[in-house]
Amino acid sequence: MENLVVQNLSKLFRNAEGPAGGVRDTSFVLEPGTFFTLLGPSGCGKTTTLRSIAGLEAPDHGRIALGERVFFDAASGVNVPLNRRNIGMVFQSYAIWPHMTVFENVAFPLRVAKSERYDRDAIKRMVDVALDTVSLGGFQDRSATRLSGGQQQRVALARAIVRQPRLLLLDEPLSNLDAALREDMRVELKRLQQQIGVTTIYVTHDQSEALDMSDRIAVINGGRIVQMGVPRDIYFRPANAFVAGFVGATNLVRGTVAAAASAGSVAAVDMPDGQVLHCLFPTAAARSDRIAVSIRPECLVLTPAETPAAPGSNRLDGVVATTGFLGNMNRYGIRVGDAVMHANTGPETQFAAGVAVGLHVTHANTIAIPDGVP
Amino acid sequence: MSEGLQRRAQGVPLGRRLLRWSGPTGWLSLSTIAILAVLVLPPLAVLLQVSLTETNADGSAGALTLRHYAQLFADTHLYTSAANSLIFASCATLVSLLFGGTLAWIVERTNAPLKPLAYLTTIVSLGTPYILYVTAWLFLLGRTGPFNDAWRNLGGTGLLFDVYSLWGMIVIEGFLWSPLVFLLLSASFRAANAEMEEAARMSGASIFDTVWRISLRLAWPAILAMALFVFIRNLEAFDVPVLVGTPGRVTLLTTDIYLATREVPPLLGHASAFSMVMVVIVGVLLMLYGRVSRSAERYASVTGKGFRPRPFDLGRARWAAGGLILLNFMLVLGLPLTALLWVSFSPFLRPMRWAGLRTLTLKNYTAVFNVPEYLSLAGNTLLVTAASATAAILITTVAAWIAARRRGGGMAVDQLATLPLVFPGIVLGVAMMEIALRAPFPLYGTLSLLALGFTIRYMPYGMRYAYSGVLQIHRELEEAAGVAGAGPLGVLRRIVVPLLSPALLSGWLFIFLIGAKELSMAVLLAGPGSQTMAVAMFDLWVNGQGGELSALGLLWALLMTVFASAFYFLARRSSAAAYGR
């Protein structure tokens, strides 16, 4: 099997006002079978990266190769046309051709293949296998215009995998489905990817999709990858304030490092209001460095005021400002000094607005991250 | 750093530009550009050349000269004709816009009764040759027509209304164009965002206030663009000027050009210089039109959802609105049809009287059916228009795909395919005539020449249909085919053309319908064996055979109405259910 290698990929778009989106200097290597997610806000360049790999955009710079096969290399002027790359792709709109039946839609990649000629029986067999894989067996003769959103999605998927591509690209495939269906398809898609074991690149702006499905995630902002790692690291060890804020909700407070900290250690941080927080430092920091402290709302435990902090925990004192009941949890806004911190607690803990409370959080869940957006 | 930036700015786009030209897509663009250039550039070149050279007695080109232009501009007649053309075109535009526009709004946005009459009127008028309408109105408004007849019976002297005048021309041309204005504006009224109007009504505005302050302001750029378009077409008009203006001694630019070619020997240098002047005028107007319609697109607020806007409740005024629909039906369909029926069943041209009913005759119809020439005439017309519609659609399908998807050479393809818009029919007729006279093989007076001229003239319309059709196809439908392994030609053949077919069929029918009506170019190019229906009707009119003309015209209009209905229902259906979401 072969690695997908993307090196120094750049593709900038310009409009009358100057640069407008695109990707800059993006590199990554994917091992075979990886489910890799490009996660970022709209306009961050994730789709441009995907389209460059597919061959739908010609990058300005860089190199894209799958194993020995070079798809694109700006230095040597190689640019394999998109129809010769043998990549499966599911588009955001599904792009199901309305003038063809389900069978013809799925058979299309086999009919137009230049590398190999498939006879009638082979086509029938491969289409049937692909449709069975996406649980659409028996839909062969259905007109493509008479499909629900979820069914169109499955047809698009069957079409993408029918030729057993070496790479599968998914461009926000779930964004056009309603919420319940999206949950089902998420599970289905992941199962399917594991079943065929194809290297998959998935583009989304939905962080819960990314965390749920991926082996690895690249968080992209302003055309650059700002953090790459496994889902747990992305969530619990954000490399910067952008990742912390974009992947899940978080409380960010600014502070100053009280004593030099090595990577992976717990060290004290002075807060502007005089309190001291003990934070986990994923990366080393020097004394007096300005940093941001990230605390997830669900990591905060609320107690009546004056409850002493357990060992290995920080305690902040505040006053309940807002309360909200969401059924499976309570959501509180708590005024701590000048800031308002958000805390999510189980539905059983109840505090009224105006009550003084203590906020407890373990040192391991108090993450020190470099201040400012990279 | 700045060096690197410069390299980025210069090197890469060039590389990408070369990439775009290589491979099958590049060849497709280059061959399309070549075919378009061979079609549209010679007429312009030959007009320019003939207008700048002396024509020898044997028809060959002589020395360079500016004489034709000098003579043209020295003759005060040019200025009279130009002023007439200007008054004619602007007033007729105003008539058709007011009439057709009001009608479109009433039909699409109110609860007025009798709406089906408006559609019926439009469909029939789509297929009916202009010349037939013009003759019908000439009869109605003329000396023997019912209006002047009634005036005399009431004791009036002379004529109530002299139709052979500039005002007569304006009224007839205005009515002639109001169905098309109705068709085009009703499409944009139908697509308008009703929520904007509903928001105004909810804010307390009356219907009048809503229409005046919101609807009209929003539609203004579209209306302006449409007015300019109709104005250009009126400036190029030939049927009304030659049929009404020439007998009334009112000359327009188009009729002047026509008359110059009818001299013996034809004044080709003069006609060409005249044609170049018209090309320049139309070209400037088209540029203006391009600007206006671009700003109209920016203004367009089309609803994404497929719901029909709720019509305004006009209250009691709805009967007045229904009256207007009835008036339109009478003026554009009822009265002309009655007049044509009367004339076609009458033994000779005579006023409409009850007494005349007893002497009705079928002789005109028997004449039409017994002359085999009429049958071959119909065959010629169908053949020429079908062939040119097919050719124009084939070329513009590829051209529009290249242009709409901004592939290599897209700009050049777009410019070349829409260039023929600068040729008024009579001007392209002069150019094609000159090309045919110089051709090394006999071309003048053949059906091929007519088909070639029609193809060139109607390519821009094919382009319009195909281009907007391509834009309606979701880009990802093509990209998916590319990723699936299809090359550019495969994408075109397997995805674009099938999805485009409703738009292409509409375009084909549109070209077929207007081609079958075309008089101005055909009258210059048709030889004795290659006449088309419109030319034959013109000859019948000139020869005073109004009865046969009416019989023939009614039968032809009946046939064309079938095609027009197909076009109309196709256009409505495909605008309702656009492919590819």
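Which residue is the bridge partner of Phe36(A) in β10(A)? Read on, and the answer will turn up in the sheet of chain A.

## The model and its confidence

Welcome to this structure, which is a predicted model. The model scores ipTM 0.80 and pTM 0.82. For chain B the average pLDDT is 85, and 91% of the residues score at least 70.

## A sheet in chain A

Chain A holds an open sheet of six strands, ordered β7-β8-β9-β3-β10-β11, with mixed pairing. At the edges stand β7 (88–90) and β11 (224–229) of chain A; each has a single partner strand, so one side of each is left without a neighbour in the sheet. On average, neighbouring strands of this sheet are turned by 15° against each other, direction ignored.

Now back to the opening question. Strands β3 (residues 35–39) and β10 (residues 216–221) of chain A run parallel and are joined by four bridges. In β10(A), Arg216(A) is the bridge partner of Phe36(A).

## Where the chains touch

The contact between the chains draws 24 residues from chain B and 22 residues from chain A. On the side of chain B that touches chain A, α1 (2–21), α20 (475–483) and α21 (488–517) of chain B each supply at least two residues. The largest share, seven residues, comes from α20(B). By class, this side of chain B has 12 nonpolar, seven polar and five charged residues.

Technical notes:
Residues are numbered from 1 along each chain as its sequence is written. Chains are lettered from A and ligands numbered from 1 in the order in which they are written. This is a predicted model: local features need pLDDT of at least 70, side-chain atom pairs count only at pLDDT 80 or more; totals for chains, interfaces and linings use all residues. Two residues are in contact if their C-beta atoms, placed from the backbone, lie within 7 Å. Ala, Val, Leu, Ile, Met, Phe, Trp, Tyr, Cys and Pro count as nonpolar, Asp, Glu, Lys and Arg as charged, and the others, Gly among them, as polar. Two strands pair if DSSP finds at least two bridges between them. Axes are lines fitted to C-alpha atoms, for helices over the stretch in contact, and angles run from 0 to 180 degrees between N-to-C directions. pLDDT is the predictor's confidence in each residue, from 0 to 100.
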